[in-house]
Each structure stands twice: as C-alpha cells, then as structure tokens.
Amino acid sequence: DIEGFLAGASSLRPFETAEAGDVTGKRLVHLQCHVGLDTLTWARNGALVTGLDFSEPAIKAARSLAAGLGIDASFVVADVYDAVTALGSGRFDVVYTGTGALVWLPDLPRWAAVVATLLAPGGFLYVVEGHPFAQILDDAHGVSVVRDYFDDRPLVEDYPYTYTDGPALRHTRSVEFQHQLGQVVTALASAGLRIEFLHEHDFDAFQRFELLERDGGQYRFPAGHPRVPMMFSLRATRPA
C-alpha cells in the first residue's frame, strides 16, 4: 500500500510500536529493510533511522521514498552479514527486523552476533516474525501438520512471481530456511543478549490459511476455531 503510506498511513502494526516503546531520538537500524516503508515509519515516530538491504533496486526505491516525503533517513546496500563492516560497531540504540526476514538467513548464530555488535550497550533488538509453527501447517485450514518442524534442510522452490504477484521474475529459484523458535532465542542468548520478552500472536499479517478472516490490518481464525501461533515478537537487550 505505497499510496496509503505516502498519504500518512503507518506500515507498522499497533502492537509493534507499543512493544518497542518510544523511539524518539534513538538511533535505529532496520536490517533487511527492502523498500524502507517500516524504516520510514520508525522515522515518522521520531527515530534516527538507517535501513540496510542487499538489493540495490530496493534501496534505490527507499531513498526515493524518503526524498519525496522529506524524511531524513540513511539507506545502505550491504548483505546483512556484512552490516558491521558497512555501518560500524556499537552505533545503534535499536536494531529492528520485520516480518519475512529470518527465513532468508542460513546462519542464525552469525546473524545474532552481527546484531549484538551493532547494538550500543543498553540498546535492544526488536524482532517481529512469522511463527515457525504456522509454517508446518496445511495452507487451507491450518489444522493439519504437513511439514517436519525439525527439518533443517532449506526449502528450495521455483516461483515465477514474488508475493507482489508480478512482474515475472528472471531468477525464480527461492531458498528458505525453517528456524525453530528455540534456535532464534538460543542464538541471541549465545551472542550475549538478554531476552526481555517473547510474545506469540494468534493473528497473521496476511491470509496464510484460507480460513482466516480479515480483522482490521490482521488476519485471524473465525470465532470458536482453535487458534495457533502465527506471529511472534521478541525483544532482547545488550547489557550496559
């Protein structure tokens, strides 16, 4: 919804801004920022923002959006694993990563080490992600387990389109990594971060299962239907 965003709509969900708290004046880096909508929303909320992504076209679009809106934001082209080299260590009060980022990372402990190095003492990581349990359920009703939760092999598929439905891709091979929730927490703890909270949510950002019904900007199971976790949010702090 680029048009809505340009008109002032927030790309973040209310629970995200509530859980992250007041970011006014805080130095925030958004890893794997894509075209920067969430990055720029954090800027609208008062943060001093930097976005990082390995896609040059995405960063070009982010810079164009920032310039058009008159928002002061910095965007950097780099692989997330090279973020410390690109940005420097201990620079940020907040590291943010949004929905759909972790599935592209083959090495979570390495990612967690990058996050910990980017954070200034007392700073925190805030993650919002799809819940890995929802990934193993059938697409229609979300009630049958059809995939192995503990299968660490990457999922390799060919899709002619992205989730934006077009145009057709030249490079159609997609490689995703299924990370268990425990692996995410353990990677961050092993990197020296202290977990403040881990919240599991009974809604999703898109219609993951056919049964889901739109509820404002979220999708939920119908009333009375057994619920499963579809998203999670996590906050972890680098000790001062």
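Student: Leaving aside its neighbours within four places in sequence, with which residues is Pro160 in contact?

Tutor: Please keep in mind throughout that this is a predicted model. Once the neighbours within four places in sequence are set aside, Pro160 is in contact with Pro167, Ala168, Leu169 and Thr172. Pro160 itself is found in the loop between β6 (155-158) and β7 (173-176). The C-alpha atoms of Pro160 and His171 are separated by 8.1 Å, although these two residues are eleven residues apart along the chain.

Student: Does Pro160 count as buried, partly exposed or exposed?

Tutor: Pro160 has 44% relative accessibility, so it counts as partly exposed. Compare that reading with Thr237, which lies in strand β11. Thr237 counts as buried because its relative accessibility is 10%. Beyond its neighbours within four places in sequence, Thr237 is in contact with Gly122, Gly123, Phe124, Gly192, Leu193, Arg194 and Glu196.

Student: How does one describe two helices that pack together?

Tutor: Two packed helices are described by the angle between their axes and by the distance between the axes. Let us apply this to helix α3 (residues 37-44) and helix α4 (residues 56-69): their axes come within 10 Å and cross at roughly 30°. Helices α3 and α4 are therefore roughly parallel to each other. The crossing in which α3 passes α4 is right-handed.

Student: Which residues of α3 and α4 meet?

Tutor: From α3, the residues Leu37, Leu40 and Arg44 meet Ala62, Leu65, Ala66 and Leu69 of α4.

Student: How many of the residues of α3 are buried?

Tutor: Seven of the eight residues of α3 are buried, and the helix is thus mostly covered. The buried residues are Leu37, Asp38, Thr39, Leu40, Thr41, Trp42 and Ala43. Just after α3, Gly46 takes a positive phi of about 110°.

Student: Which residues other than glycine have a positive phi, such as the one near 55°?

Tutor: One of them is Gln32, whose phi is near 55°. Another is His34, which is not a glycine but has a positive phi of about 55°. Gln32 lies in the loop between β1 (27-31) and α3, and His34 likewise lies in the loop between β1 and α3. His34 is partly exposed, because its relative accessible area is 39%.

Student: May we try the helix description on another pair? At what angle do α6 and α7 pack?

Tutor: Helix α6 (residues 108-118) and helix α7 (residues 181-190) pack at an angle of about 45°, and their axes are 8 Å apart. Helices α6 and α7 are therefore oblique to each other. The crossing of α6 and α7 is right-handed. Leu108, Pro109, Trp111 and Ala112 of α6 make the contact with Gln183, Val184, Ala187 and Leu188 of α7. The residues of the contact of α6 with α7 divide into seven nonpolar, one polar and no charged.

Student: What is the arrangement of Phe209 and Phe221?

Tutor: Phe209 and Phe221 form a stacked aromatic pair, with 5.8 Å centre to centre and 15° between the planes. This pair links distant parts of the chain, twelve residues apart: Phe209 is in the loop between β8 (194-201) and β9 (213-215), and Phe221 is in the loop between β10 (218-220) and β11 (231-237). Phe209 and Phe221 are both buried.

Student: Which residues do ring pairs link into a cluster?

Tutor: Ring pairs link Trp42, Tyr96 and Tyr126 into a cluster.

Notes:
Residues are numbered from 1 along each chain as its sequence is written. This is a predicted model: local features need pLDDT of at least 70, side-chain atom pairs count only at pLDDT 80 or more; totals for chains, interfaces and linings use all residues. Side-chain values use heavy atoms; hydrogens and water are left out. Axes are lines fitted to C-alpha atoms, for helices over the stretch in contact, and angles run from 0 to 180 degrees between N-to-C directions. Helices (H or I, at least four residues) and strands (E, at least two) are DSSP runs, numbered from the N terminus. Angles under 35 degrees count as roughly parallel, over 145 as roughly antiparallel, 65 to 115 as roughly perpendicular and the rest as oblique. A crossing is left-handed if the near helix is turned anticlockwise from the far one by less than a right angle, and right-handed if clockwise. Contact means heavy atoms within 4.5 Å. Rings of Phe, Tyr and Trp (its six-membered ring) pair if their centres lie within 6.5 Å; planes under 30 degrees apart count as stacked, over 60 as edge-to-face and the rest as tilted. Buried means under 20% relative accessible area, exposed over 50%, partly exposed in between (1.4 Å probe, protein chains only). Ala, Val, Leu, Ile, Met, Phe, Trp, Tyr, Cys and Pro count as nonpolar, Asp, Glu, Lys and Arg as charged, and the others, Gly among them, as polar.
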